[in-house]
Amino acid sequence: PLVSMTEMLNTAKEQKYAVGQFNLNNLEFTQAILQAAEEEKSPVILGVSEGAARYMGGFKLVVAMVKELMDEYGVTVPVAIHLDHGSSFESCAKAIHAGFTSVMIDGSHHPLEENIALTKKVVELAHFHGVSVEAELGRIGGQEDDLIVDDADAMYAIPSECDQLVRETGVDCFAPALGSVHGPYKGEPNLGFDRMKEVMELTGVPLVLHGGTGIPTKDIEKAISLGTAKINVNTENQIASAKAVRETLAAKPEEYDPRKYLGPARDAIKETVKGKMREFGSSGKA
Ligand code: G3H
Ligand code: ZN
């Protein structure tokens with residue numbers, strides 16, 4: 001069924017595993033991720049950035065596509081459709097009214113008080129509709145769609161501010177930027193685990209780890225032990241899918257039927273997602 005993230009993440013936090021947020025880029029990503037979740041018996045969060053929604057034909061189309069595929073596949077595991085890095089109240093409202101079951105309001109580039117006011121407004125509307133909300137503090141480096149943060153501007157979240165934001169807004173889960181990066185890492189990631197522990201103890205809500213691509217398993221495990229219950233992955237699936245397309249077209253340069261190269265891409269995404277679900281410990285939990 002289509003559900004919000006609230007129960008999924010509270011259970012995951014309690015039982016010490018993480019639910020993966022896998023981003024949608026097109027039909028094949030959506031198919032692959034839903035099939036992987038059903039086969040792994042894992043809860044799943046479908047992340048949709050504003051740019052990806054635009055590419056696919058808008059929020060309503062995404063909701064319709066997901067609902068039809070869930071029906072077609074007879075999906076029984078809990079699925080959330082989540083707006084990733086929502087940039088404004090209007091964008092979150094639009095996603096909620098289109099049928100999204102969860103939204104992220106990313107006010108991390110605003111001063112704390114403004115971030116809190118904006119997030120609070122989104123929480124009011126979202127909770128009225130039974131929709132869950134994720135907020136962010138600090139700045140995650142790298143690039144995702146329209147969102148570009150220079151290395152110099154990347155910033156670790158401050159625990160006392162995290163506590164204040166969570167307390168004053170009533171968000172359901174929270175993403176403190178603690179050194180993770182969107183896209184591939186240059187070298188080993190340097191995650192701020194001390195602060196993560198502090199933020200977990202102060203806020204009590206399930207924590208979210210963005211930039212899940214390229215984080216070593218030992219760091220994933222440590223993050224989960226410190227209250228991380230949601231891990232976002234996009235680039236890793238994009239890389240797997242692009243590799244499959246390249247290999248297929250290199251082996252058969254005359255091929256032109258998209259099904260012949262996007263089919264293998266879909267298989268590659270599905271295998272990647274299944275691997276992540278096992279690594280995050282969410283397999284078999286639905
Ligand atoms: O919000 C989405 C992500 O944080 C994905 O990050 O592309 O580095 O896996 P990634
Ligand atoms: Zn992110």
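User: At what angle do helix α2 and helix α4 pack, and how far apart are their axes?

Analyst: This is a predicted model, in which local features need pLDDT of at least 70 and side-chain atom pairs count only at pLDDT 80 or more, while totals for chains, interfaces and linings use all residues. Residues are numbered from 1 along each chain as its sequence is written, and chains are lettered from A and ligands numbered from 1 in the order in which they are written. Helix α2 (residues 27-40) and helix α4 (residues 59-73) pack at about 45°, with their axes 10 Å apart, so α2 is oblique to α4. Helices (H or I, at least four residues) and strands (E, at least two) are DSSP runs, numbered from the N terminus; axes are lines fitted to C-alpha atoms, for helices over the stretch in contact, and angles run from 0 to 180 degrees between N-to-C directions. Angles under 35 degrees count as roughly parallel, over 145 as roughly antiparallel, 65 to 115 as roughly perpendicular and the rest as oblique.

User: Which residues make that contact?

Analyst: From α2 come L27, T30, Q31, L34, Q35 and E38, and from α4 come M65, V66, L69, M70 and Y73, where contact means C-beta atoms, placed from the backbone, within 7 Å.

User: What about α5 and α6, at what angle do they pack?

Analyst: Helix α5 (residues 89-98) and helix α6 (residues 112-128) pack at about 15°, again with an axis separation of 10 Å, which means that α5 is roughly parallel to α6. On the α5 side F89, C92, A93 and I96 take part, and they meet L118, K121, V122, L125 and A126 in α6.

User: And how do α6 and α7 cross?

Analyst: The axes of α6 and helix α7 (residues 159-169) come within 9 Å and cross at roughly 30°, so α6 is roughly parallel to α7. L112, N115, I116, T119, K120 and V123 in α6 meet E161, L165, E168 and T169 in α7.

User: Switching to the largest nonpolar core, which residues touch the most other members?

Analyst: Of its 82 residues, those are I33, V44, L46, V103 and F174, and helix α11 (residues 258-280) gives the most to this core, with seven residues. A nonpolar core is a set of buried Ala, Val, Leu, Ile, Met, Phe, Trp, Tyr and Cys residues joined through C-beta atoms within 7 Å, buried meaning that 20 or more other C-beta atoms lie within 10 Å of a residue's own.

User: What does F174 touch?

Analyst: Not counting residues up to four places away in sequence, F174 touches E134, A135, C162, V166, T203, V205, L207 and V208.

Note on methods: Contact = placed C-beta atoms within 7 Å. Buried ≥ 20, exposed ≤ 12 C-beta atoms within 10 Å, placed from the backbone.
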